[in-house]
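Visitor: I have a structure open here and would like to go through it with you. Can we take it piece by piece?

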Amino acid sequence: MNKRDLKHGLQCTALLLCAGVVPMAAHAAGGHHAVDDAATLDSRSCLADAWIGDSSTTLLHLGASCGLGPVELGMSAEHERSLNPDSDFPSQTGLELQMKWAQSLDEEVALGLSYELGIDARPFPPEYALSSFNGLFTWKPASWREYAVHLNVGTDIVDKGGNDGGSEDYSRWGVALEWTPQAGRLPEAMTNMGQWSFVGERYRRFEADYLRLGFRIGVGRNGNFDVSREQGLNGTDEGGRWFFGVTMPLEIR
C-alpha cells in the first residue's frame, strides 16, 4: 500500500472511527477518546455527545447511545472539512452504528466486545465501508481506586466497494490510563467545578500511531466537558489536533 493510498484511507475513515459513543463521567472512553472501556450504559439510560476537532481539517461529531438490556447501541454522524484549498478531499460526511457488550468479572476486572459499522455518506454512493471489531478490558485495582487501565485489541476491515473493490484489514490496539482524583487532591477552585479525571492514551490505527492527553470535568448528572490533544507519531504525517466535547444525559420515561 503506497503512501497516497494510506493517506486516503486515513482521511476517509477518520470521520467514521473517532466516535466513541459511551461517555461516562468515571470512564476514560467516550466522546472523542480512542480507547474504549469495558462498561455499558444502564438499560433505558441514554447519552448524547457532541465534539469538534481542529487542525488542518475541522471535524464535527454528533451522536447518541442508549442501554438496551445487556447491550449498548449507538449511532453518530461526523462531517470533516479541510482548511487546505488544494486538498483532494475538501469535504466528507460519515455515518456510524455501534453495538457494545460488557461484563464485570469482579470489582476490579471487566471484559467486553464492540462492533462498529461506518460508511462515508458523502459523496454518494459510498466509496468506503468500515467494519471494526474490538475486544475490551478494564482494570480498576482495589488498592488504587482512583486509577483505571483500559486495553483494546481488534481489527478494522475497510471495504473499498466503490473504488477498485476488495477489502483491507488493519490491526488496531490501544491502552489508556485514567486518573480520577478524590476530593482534597486538587485545589478547591477545581473541585468546585465538578469531578475531574485525566486520561493518557497510546493507540494504533491504520498503520499509524497516536498519543492523546486530556482531561474531563463531570458536571451535573453524568454530564461531561472534555478537552484533549492528539498527536500523530511515527507512521503518519498528521500533525496535532485539539478536541473539545460535551456529553449530556437523555431522559427516557
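Visitor: Let's start with C46: does C46 count as buried or exposed, and what is the relative accessibility?
Guide: Keep in mind that this is a predicted model. In it, C46 has a relative accessibility of 3%, and because buried means under 20%, C46 counts as buried.

Visitor: What do C46 and C66 form, and how far apart are their sulfur atoms?
Guide: They form a disulfide, with the two sulfur atoms 1.9 Å apart, and a search of the whole structure finds one disulfide. The pair links distant parts of the chain, as C46 sits in strand 1 (residues 46–54) and C66 in strand 2 (residues 57–68), 20 residues apart.

Visitor: Is that disulfide right-handed or left-handed, and why?
Guide: The disulfide is right-handed, because the torsion about the S-S bond of C46 and C66 is about 115 degrees.

Visitor: Changing topic, how many cavities of 30 Å³ or more does a search find?
Guide: A search of the whole structure finds two of them, and the second largest cavity holds about 50 Å³ of space.

Visitor: Which residues line the second largest cavity?
Guide: The lining is made up of A34, V35, N134, N152, R172, W173, G174, Y203, R204 and R205. By type, these lining residues divide into four nonpolar, three polar and three charged.

Visitor: Which strands each supply at least two residues of that lining?
Guide: Those are strand 8 (167–179) and strand 9 (195–205). These two strands run antiparallel and are joined by seven bridges, and one of the bridge pairs brings together W173 and its partner R204 in strand 9, both of which also belong to the cavity lining.

Visitor: How many bridges are there between strand 7 and strand 8?
Guide: Strand 7 (residues 147–159) pairs with strand 8 over 13 bridges, in the antiparallel sense. Here G154 has R172 in strand 8 as its bridge partner, and R172 is another residue of the cavity lining.

Visitor: One last thing, where is Q98, and what does its side chain make a polar contact with?
Guide: Q98 is found in strand 4 (residues 91–104), and the side chain of Q98 makes a polar contact with the side chain of E116, at 3.3 Å. With 4% relative accessibility, Q98 counts as buried.

Note on methods. Residues numbered from 1 in each chain as written. Predicted model: local features only at pLDDT ≥ 70, side-chain atom pairs only at ≥ 80, totals over all residues. Heavy atoms only, no water. 1 Å grid on protein atoms, 1.4 Å probe; cavity = no way out; pocket = protein on both sides within 12 Å on 5 of 7 lines; lining within 4 Å. Points joined across faces, edges and corners; volume = space filled by probe spheres on them. Helix = DSSP H or I, 4+ residues; strand = E, 2+ residues; numbered from the N terminus. Nonpolar A, V, L, I, M, F, W, Y, C, P; charged D, E, K, R; others polar. Disulfide = S-S within 2.5 Å. Buried < 20%, exposed > 50% of the residue type's maximum accessible area, 1.4 Å probe, protein only. Polar contact = N/O pair within 3.5 Å; in protein donor to acceptor, adjacent residues only side chain to side chain. Pairing = 2+ DSSP bridges.
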